[in-house]
Amino acid sequence: MAIFKGAGVAIITPMKENLEVNYDELDEILEEQIAGETDSIIICGTTGESATLSEQEHMDVIKFTIERVNHRIPVIAGTGSNSTATAVQLSKEAAAAGAEGLLLVTPYYNKATQNGLIAHYTKIANEAKIPAILYNVPSRTGCAIQPETVAHLVKNVEYIVGIKEASGNIGNVAKIMHLCGGNIDLYSGNDDQIVPLLSLGGLGVISVLSNVAPKYVHDMVYKFFDGDVQGSCRMQLDALPLCDALFCEVNPIPVKAAMNLMGKECGPLRGPLTEIEPQHREVLKKAMQEFGIL
């Protein structure tokens with residue numbers, strides 16, 4: 001059984017002005033996401049600024065989220081690392097804390113070989129012993145997991161069950177589904193490709209857009225599942241200008257700006273990320289207004 005089906009939110013980590021984690025705001029955001037019919041919370045991913053959280057903060061944020069969500073919807077913990085040992089440690093702690101699943105990005109900077117990726121993921125999954133979703137985002141990590149490697153892992157490692165595909169290469173996604181015989185939980189990692197990946201047998205999306213429009217993304221996915229492919233496609237196309245605006249600078253700069261524009265107290269970003277450029281802020285604001293969320 002899949003960890004989740006539908007729209008999972010790659011949730012931000014709100015900060016105070018002094019750059020400490022704002023747990024009160026995170027609590028409110030979690031409640032709003034659940035009320036907005038988000039199907040899963042993905043905590044401490046790229047959008048959650050995991051790269052600039054200390055290991056202690058990383059686990060504290062994961063544990064806080066698991067406690068507050070309290071099994072109302074699945075919580076998936078981002079516990080990937082470019083160190084296998086660190087990823088194992090974080091994954092085991094998240095599993096012990098009650099996470100329903102793990103999101104494991106490819107090891108960044110090291111640029112592991114495909115055999116290295118097999119060894120890395122196998123060790124994490126075998127030690128954590130909860131369902132794990134691979135995360136392929138080579139534009140950020142410099143390391144792509146090949147379809148053949150995905151198929152090998154899904155077929156041979158018990159707890160590896162799915163993939164978040166953010167390569168943008170639809171041909172590679174189709175090949176993954178072919179090599180796995182469809183026996184893998186596929187999630188879009190790109191908000192502008194949700195419907196295309198659903199058409200290849202995807203179960204949903206791990207979404208940045210869901211931070212600002214949770215019900216919209218949920219409904220887009222479930223229209224597809226309910227047979228209204230045309231309606232789902234129309235929602236996908238209507239959302240493209242906002243999707244583009246949410247990636248006018250490197251994620252999560254625009255989405256945190258968007259949430260602050262919506263009156264949330266999400267605070268600044270930790271360096272080396274900086275605040276959105278004024279001209280991009282105007283582009284984002286206009287897209288949000290036209291979408292009807294401002």
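**Reading the annotated site and the barrel around it**

Me: Which residues does the UniProt annotation "binding site" cover?

Reply: In this predicted model, the unreviewed UniProt entry puts that label on Thr47 and Ile206. They span 160 residues in sequence, yet no two of their C-alpha atoms are more than 10.6 Å apart, so they gather at one spot. Both Thr47 and Ile206 are part of the lining of the second largest pocket.

Me: Take threonine 47, then: is it buried or exposed?

Reply: Go by relative accessibility, where buried means under 20%. Threonine 47 comes out at 4%, so it counts as buried. You'll find it in the loop between β2 (40–43) and α2 (55–69). Leaving aside neighbours within four places in sequence, threonine 47 has contacts that include Ala10, Thr13, Asn211 and Pro252.

Me: And where does isoleucine 206 lie?

Reply: Look in strand β8, residues 204–207. Isoleucine 206 has a relative accessible area of 2%, so it is buried. Not counting residues up to four places away in sequence, isoleucine 206 touches Phe4, Ala10, Leu103, Lys164 and Tyr187, among others.

Me: How do I read the strands? In what order do they close into a barrel?

Reply: Follow the pairing from strand to strand. Here 8 strands close up in the order β1-β2-β3-β4-β5-β6-β7-β8, with parallel pairing. From one strand to the next, the twist averages 25°. For a worked case, β3 (residues 75–78) and β4 (residues 101–105) run parallel and are joined by 3 bridges. Isoleucine 76 has glycine 101 in β4 as its bridge partner.

Me: Which strands does helix α4 lie across?

Reply: Helix α4 (residues 114–128) lies across β4, β5 (132–136) and β6 (160–165), and runs at about 165° to β4. As for α2, it lies across β2 and β3, at about 180° to β3.

Me: Now the rings. How many aromatic pairs does the structure hold?

Reply: There are 5 aromatic pairs. To sort a pair, check the angle between the planes: under 30 degrees counts as stacked, over 60 as edge-to-face. Phenylalanine 4 and tyrosine 187 are stacked, at 4.5 Å centre to centre with 10° between the planes. Phenylalanine 4 sits in the segment before β1 (6–10) and tyrosine 187 in strand β7 (residues 185–188), 183 residues apart. Both of these residues, phenylalanine 4 and tyrosine 187, are buried. Tyrosine 216 and phenylalanine 291 pair edge-to-face, with 4.8 Å between centres and 65° between the planes. Tyrosine 216 is in helix α9 (residues 214–225) and phenylalanine 291 in helix α12 (residues 278–291), so this pair ties together parts 75 residues apart in sequence.

Note on methods:
Residues are numbered from 1 along each chain as its sequence is written. This is a predicted model: local features need pLDDT of at least 70, side-chain atom pairs count only at pLDDT 80 or more; totals for chains, interfaces and linings use all residues. Side-chain values use heavy atoms; hydrogens and water are left out. UniProt positions are given in the numbering used here, feature names are shortened, and annotations may be inferred rather than shown by experiment. On a 1 Å grid over the protein atoms alone, a cavity is a set of points where a 1.4 Å probe fits but cannot get out, and a pocket is an open set with protein on both sides within 12 Å along at least five of seven lines; lining residues have an atom within 4 Å of a point. Helices (H or I, at least four residues) and strands (E, at least two) are DSSP runs, numbered from the N terminus. Buried means under 20% relative accessible area, exposed over 50%, partly exposed in between (1.4 Å probe, protein chains only). Contact means heavy atoms within 4.5 Å. Two strands pair if DSSP finds at least two bridges between them. Axes are lines fitted to C-alpha atoms, for helices over the stretch in contact, and angles run from 0 to 180 degrees between N-to-C directions. Rings of Phe, Tyr and Trp (its six-membered ring) pair if their centres lie within 6.5 Å; planes under 30 degrees apart count as stacked, over 60 as edge-to-face and the rest as tilted.
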